[in-house]
Amino acid sequence: MFARLRWVELRCKYTGMILRIPLKELVAQLPGIPAPPPIAHPDKSLKAGGEQPDFYIWPDVKSEEEIANKKVILITAAGAMGKSMAANAVASKLNALVVDLSKVRVGSDSLTGLLTRVLGWEEAPKFIGQVEAGLASLILDGLDEAQLAAGREHYNAFLKNVADFVRGGGNRGQILMFGRRDVVDTTYLELNELGIDSCITEISPLTYGQAKDLINEALDRRVSRGLLYDMHRTHPVPFSKLRDEVLLGMARALGGDGDEIEKIWPIFADFLGYPPVLLVLSEHLAVDNFAHSSGERFGVKASRAKAQRGLILQRIVEGILDRESLKARTQLAKVVALNDKEISLLYGREEQLLRVLGFMGGADLDVLPPAILSANDRQVYDDHIRMFMPDHPFVSNRMFANTVFSDYLRAYLATAPLSGAFGVQRPQLVASCPAPGPFYAYFSHALALELESLDGDAGQGRIGPKLSEDYIDDVIKSHVASCTYQHYVIIRWFGQTAHMFLYETESRSDGFLSFISFEIEESSGILELTSPVSRCSIITDHGVVISARNSDIEIGPDVFLVADELELHGETLTALADDSRGAAVLLVASKPAVHDADLKVNSYPGSALWVNWPEVWPQWRKYYQNPSGRPGFDAGKSTQALVGLRRILRAFHKGVGEHPTIYSEMLDRLVVGDSQILGAVLAALLDVEIVFLEQGQYKLNLDKLKSYSISWAAINGPDFANTLHKLFSELCNDSRLSQLLKAQHPGG
């Protein structure tokens, strides 16, 4: 009977194959009847023919054993994958009855008793006879709710009734039972003990083709300005291009490597093929101009795309959390003595996330039940909530189902105000989470923005939401992990004011592919980073500590660090240059650097590393630089000014026009920032007319630059100190810059 099924994927439990087939083809082989039996006495627990969903995309299912000739088919899926919707769709296709077990207190003879009570004494025997003979199917939905409400003893009695029900002459698909994996597993074992041969079938994440269908169907039902949205049907080619760019952008953020989403889809189907994810994404694809939106939304090269990703994924994740809360509250309402308003306070996001973390062994948490519960209800509440943990959508085999979920949890614990009713401090909670992944920085940004909005504190003259100093390194590591192209980090920290900019670009002179910024709060005056440190500019009048993860500190390429104090914790330090551009590593401090006396220092190539601070130890001397050599000039400030000059010149994009250009906002905010020395260098360049401002853009006068024997290639070469010496010496005559270079502290 099942030989005609189209097998999509093969892997087995005993022989190394899992059988994977379209659910719709499986249903086509099951016994259906022309019309469901009439219901004599309507009951909310039983529906005739199922409730056909407004639209349903039939997924594939997979099984670890042959499905043919099984009296009972147990169907499971990850949380929020749509088990109840699948049950209704199957029932509608077969004209089968659906029993909603969440509305029944199961026990001995409850199934036959329910059918008799609802169908009546005439119809019930006919229908039961059809099922027993294998001529009709019966759908049982909500196994997990039934077991939770009834308890193990009554649930096993119910299964015995099911076993007696199908023990007759039928041999295929008489009963289809839907539930979460842990309950399905115990049901399978119990039925096996009762002599009933069943199989476990799992609903798979949607394939690429099924995902496209779901997005189209969701958009078909979207109302915009009083009209049904139809742009995706009217302009299918540009819409498909935008949709695939969006999906490919998500796949790449998850670590995908490829240019065609269809080819790499199977690797990321556990997340991209998750219906709640696709339904939220469909809302962001409902635009009026697909070509214009292609570079602006969530694609591979979307402007500020990752800040947008944080907001989109936040909505997706929180929608899943809220769905779990609602499901739990529906069950809890039956077992605790609270009114509807009080029930709505149970199992909120914070408690749910902490219980997920505790379930996976991330921390020794003592999550207290909500205070509104009475002493008698608290144990009942705890017992019920624990039942939800093994099959929570975030969880897969006591691990996070994917990086998106773990990054959200870590960001939530790092940014949200916590009640403290769990016996562990915030730093311990964050430390017990998995390491930050590519979404952590953008979840942190989205959650912090939301928090400030709720507090009425958004946009109060700041460049971004607040971030605790404790999480700077985590956010940087997450940003680096997320970037497909080149990442850059800029930190400006003077006094109590600290800003951090994170952006991605194909080259230093191009526009942003993504950009987010933070204002640092709770400042201790010490910036702590872990190796590796690369492509960053840090200017601060405080201290910087760089620690090795193992024993080797890796710095570079393209690191520009100016601080009051510098501490290095490791056995070796390796400075690395970008061979294609000869980018240097510059370390400048006002006070002697603190490190182990036996620290080994290496630079590849040897010209990659520049250092400047008082009392340089022997291992640093060949890397020590004092570019100005002028009496009365601080060597560290001179080094900062020279490398700052190079950074400013390199920021210009040599395009097709006469003069290389850069947007004034990009140069002012991300290159110069709050640094008075770099600001003075830029002002001096404007005074000598090497740089000029025109219509919101800085432009570089190459002819004027040539008069100083400086070529475009030389600016980007490794021997830039000699190349820029003549120009730098002249700029040092500028009164403002000269005064700053004699100042006491770097950065002014």
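What follows is a chat about helices, strands, a pocket and cavities.

Student: What kind of model is this?
Tutor: A predicted one. Keep that in mind as we go.

Student: Why is α3 called roughly parallel to α5?
Tutor: The axes of α3 (residues 110–132) and α5 (residues 152–165) cross at roughly 30°. Angles under 35 degrees count as roughly parallel, so α3 is roughly parallel to α5. Their axes come within 13 Å.

Student: Which residues make that contact?
Tutor: From α3 you get Ser110, Leu111, Thr112, Leu115, Ile128, Val131 and Glu132. From α5 come Phe158, Asn161, Val162 and Phe165. By class, that contact has seven nonpolar residues, three polar and one charged.

Student: On to the largest pocket: how much space lies in it?
Tutor: About 1300 Å³. Its lining has 44 residues, and nearest the centre are Lys62, Ala78, Glu202, Pro205 and Asp270.

Student: Which element gives the largest share of that lining?
Tutor: α10, with six residues. The elements supplying at least two residues each include β4 (60–63), α6 (181–193), β9 (198–203) and α10 (261–272). By class, the pocket lining has 21 nonpolar, ten polar and 13 charged residues.

Student: What makes a space a cavity and not a pocket?
Tutor: A cavity is a space where a 1.4 Å probe fits but cannot get out, whereas a pocket is an open set. The structure holds eight cavities of 30 Å³ or more, and the largest cavity has a volume of about 90 Å³.

Student: Which residues line the largest cavity?
Tutor: Asp144, Glu145, Leu148, Arg180, Asp182, Val183, His384, Met387 and Phe388. α4 (143–150), α6 and α16 (375–388) are the elements that give two or more residues to this lining.

Student: How does the lining of the largest cavity divide by class?
Tutor: Into four nonpolar, one polar and four charged residues. Anything that is neither on the nonpolar list nor Asp, Glu, Lys or Arg counts as polar, so His384 is the polar residue in this lining.

Student: And what lines the second largest cavity?
Tutor: That cavity, with a volume of about 60 Å³, is lined by Asp558, Val559, Phe560, Ala584, Val585, Leu586, Val643, Arg646, Arg647 and Arg650. The largest share, four residues, comes from α21, while β22 and β25 are also among the elements giving two or more. By class, this lining has six nonpolar, no polar and four charged residues.

Technical notes. Residues are numbered from 1 along each chain as its sequence is written. This is a predicted model: local features need pLDDT of at least 70, side-chain atom pairs count only at pLDDT 80 or more; totals for chains, interfaces and linings use all residues. Side-chain values use heavy atoms; hydrogens and water are left out. Axes are lines fitted to C-alpha atoms, for helices over the stretch in contact, and angles run from 0 to 180 degrees between N-to-C directions. Angles under 35 degrees count as roughly parallel, over 145 as roughly antiparallel, 65 to 115 as roughly perpendicular and the rest as oblique. Contact means heavy atoms within 4.5 Å. On a 1 Å grid over the protein atoms alone, a cavity is a set of points where a 1.4 Å probe fits but cannot get out, and a pocket is an open set with protein on both sides within 12 Å along at least five of seven lines; lining residues have an atom within 4 Å of a point. Grid points are joined across faces, edges and corners, and a volume is the space filled by probe spheres set on the points.
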